[in-house]
Amino acid sequence: MNKDKNLQFCMDELQSMQDRDGLEPEQKSALEKAEKELRRLWRKPNPTRREIFKVVRKVAEAIINNFVG
């Protein structure tokens, strides 16, 4: 899945969120975990739809649980 511009955009946005001032340690940790999941997906040559959806869910949960509500 290398060179996918959408995946690169997501990783850049997660990194940007981590670089913000005022984040709690648990927020930063959750974003780091989500970014690691994206990087694992990035390294897979042919991820299955299930693997992609699983990573998308983890990233969405990290963002929603930490920044909404």
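Predicted model: local features only at pLDDT ≥ 70, side-chain atom pairs only at ≥ 80, totals over all residues.
Residues are numbered from 1 along each chain as its sequence is written. Local features need pLDDT of at least 70, side-chain atom pairs count only at pLDDT 80 or more, totals for chains, interfaces and linings use all residues, and side-chain values use heavy atoms, with hydrogens and water left out.

Helices are DSSP runs (H or I, at least four residues), numbered from the N terminus.

| Helix | Residues |
|---|---|
| α1 | 5–18 |
| α2 | 25–43 |
| α3 | 49–67 |

**Helix α3.** α3 has 19 residues and reaches 27 Å from its first C-alpha to its last. That is close to the expected 27 Å (1.5 Å times one less than the number of residues). Val55, Val59, Ala62 and Asn66 are buried in α3 (under 20% relative accessible area, 1.4 Å probe, protein chains only; exposed is over 50%). They cover an arc of only 55 degrees around the axis, so they sit on the same side of α3 (the arc is taken from the directions from the axis to the C-beta atoms). The face turned away carries exposed residues, among them Arg49, Phe53 and Arg57. The buried residues of α3 pack against α1 and α2 (contact means heavy atoms within 4.5 Å).

**α1 and α2.** These two pack at about 160 degrees, with axes 10 Å apart (axes are lines fitted to C-alpha atoms over the stretch in contact, and angles run from 0 to 180 degrees between N-to-C directions). They are therefore roughly antiparallel (over 145 degrees).

**Gln27.** Gln27 lies in α2. Gln27 counts as buried because its relative accessibility is 15%. Gln27 touches Gly22, Asn66 and Phe67, not counting residues up to four places away in sequence. Asn66 is also one of the buried residues of α3.

Key. Parallel < 35°, antiparallel > 145°, perpendicular 65-115°, else oblique.
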